[in-house]
Amino acid sequence: MNARDLIGYGIHPPHPRWPDNARVAVQFVLNVEEGAESCILNGDTCSEAYLHELPGRASRANERDLSVESMYEYGSRAGVWRILRLFSERELTLTAFAAGRALELNPEIGRVLAEAGHEVAGHGYRWLDYRNIPEDEERRHIVLTIETIERHCGLRPVGWYTGRGSCNTRRLVRETGELLYSSDAYNDDLPYWLDGSPPHLVIPYTLVNNDVRYLLPNGFASGDDFFRSRLCENSKSVFL
């Protein structure tokens, strides 16, 4: 178990020297999870209880929750295409944190992401909490996700974000030797290198600019709230 680093860059953070002397680098992230969430159709023992639009709704043991399933389906049926059209119109690229199972169930998403030049990073094979998943199974899921992204997008991923990782996740990601960065951290404004080998860059993620804020009692009440809050906060500096 790695010790915590509460110091980081300290009072003198390094100059990131972004390309073209940019003052900030922004990583747009699209989470592709639909169909990979907990569902008895996937062999799980209960329905999904996390990150849907019914806060506090308990999972259903050995039973489908059709309302929750439908909320997840919106993303793959409609939401992803709306977002990709918006980015295409603005000639912007994004990073898709894609769960392997989600790409298997809707391979068109992977094909379009690849053709548009977007980065596709690993997001676990399933959109589950890996805390209680055995280490060997999590290792297998990481490899399976890499292979699934390569099969549907044409390239093996170089980035990773599990979202609900275990104490083994970071080590297992580094063990692959081909995942150059991961984002299972929220502890800085700038990327930082981990000690040891192979070299591995941590690109901190943010939950401030994230859909989770809509789903919690202290979240935003509207899209305008979200927009105004972004104008008032410092930009999050991340690595593109």
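Helices are DSSP runs of H or I with at least four residues and strands are DSSP runs of E with at least two, both numbered from the N terminus. The views below show a predicted model, in which local features need pLDDT of at least 70 and side-chain atom pairs count only at pLDDT 80 or more, while totals for chains, interfaces and linings use all residues. Residues are numbered from 1 along each chain as its sequence is written, and side-chain values use heavy atoms, with hydrogens and water left out.

**View 1. Val-208 in the loop between β7 and α6.** The loop that holds Val-208 runs between strand β7 (201-202) and helix α6 (223-232). With a relative accessible area of 27%, Val-208 is partly exposed; this class lies between buried, under 20% relative accessible area, and exposed, over 50% (1.4 Å probe, protein chains only). Tyr-186 stands 22 residues from Val-208 along the chain, and the C-alpha atoms of the two residues are separated by 10.0 Å.

View 2. Most peptide bonds are trans. Pro-198 belongs to the loop between β6 (192-193) and β7.

View 3. Helix α1 comprises the 24 residues 66-89. The expected span of a helix is 1.5 Å times one less than its number of residues; for α1 this gives 34 Å, in agreement with the 34 Å between its end C-alpha atoms. A bend of about 45 degrees occurs in α1 at Gly-79, where the bend is the angle between axes fitted to the seven residues ending at a residue and the seven starting there. The buried residues of α1 are Val-68, Glu-69, Tyr-72, Gly-75, Ser-76, Gly-79, Val-80, Leu-84 and Phe-87. An α-helix has 3.6 residues a turn, so residues three or four places apart point the same way.

View 4. Asp-65 pairs with Arg-60, the closest N and O atoms being 3.6 Å apart. Asp-65 is buried, at 2% relative accessibility, whereas Arg-60 is partly exposed, at 30%. The side chains of Arg-90 and Glu-89 form another salt bridge, with N to O at 3.5 Å; both of these residues are exposed.

View 5. Arg-171 and Glu-135 are joined by a salt bridge of 3.0 Å, N to O. This pair links distant parts of the chain, with Arg-171 in helix α5 (residues 169-175) and Glu-135 in helix α4 (residues 135-153), 36 residues apart. Arg-171 is partly exposed, with a relative accessible area of 37%, and Glu-135 is also partly exposed, at 29%. A network of salt bridges links Glu-135, Asp-136, Arg-139, Arg-171 and Glu-175.

**View 6. A nonpolar surface patch.** Val-24, Val-26, Phe-28 and Leu-92 make a nonpolar surface patch of about 280 Å². Patches are made of residues with over 30% relative accessible area and no salt bridge, like charges being joined within 9 Å and nonpolar side chains (Val, Leu, Ile, Met, Phe, Trp, Tyr) within 5 Å. Accessible areas come from the Shrake-Rupley method with a 1.4 Å probe, and for residues only the protein chains shown count as cover. Val-26 lies in the segment before β1 (29-32) and is partly exposed, at 37% relative accessible area.

View 7. Most residues other than glycine have a negative phi. Phi of Asp-20, however, is positive, near 60 degrees. Asp-20 is placed in the segment before β1 and is exposed, at 81% relative accessibility. Glu-91 likewise has a positive phi, near 55 degrees. The loop between α1 and β2 (95-98) contains Glu-91, which is exposed, with a relative accessible area of 76%.

View 8. A disulfide is a pair of cysteine sulfur atoms within 2.5 Å, and the structure holds 0 of them. Cys-46 is partly exposed, at 23% relative accessibility, while Cys-167 is exposed, at 59%.

Methods. Salt bridge = Lys/Arg side-chain N within 4 Å of Asp/Glu carboxyl O.
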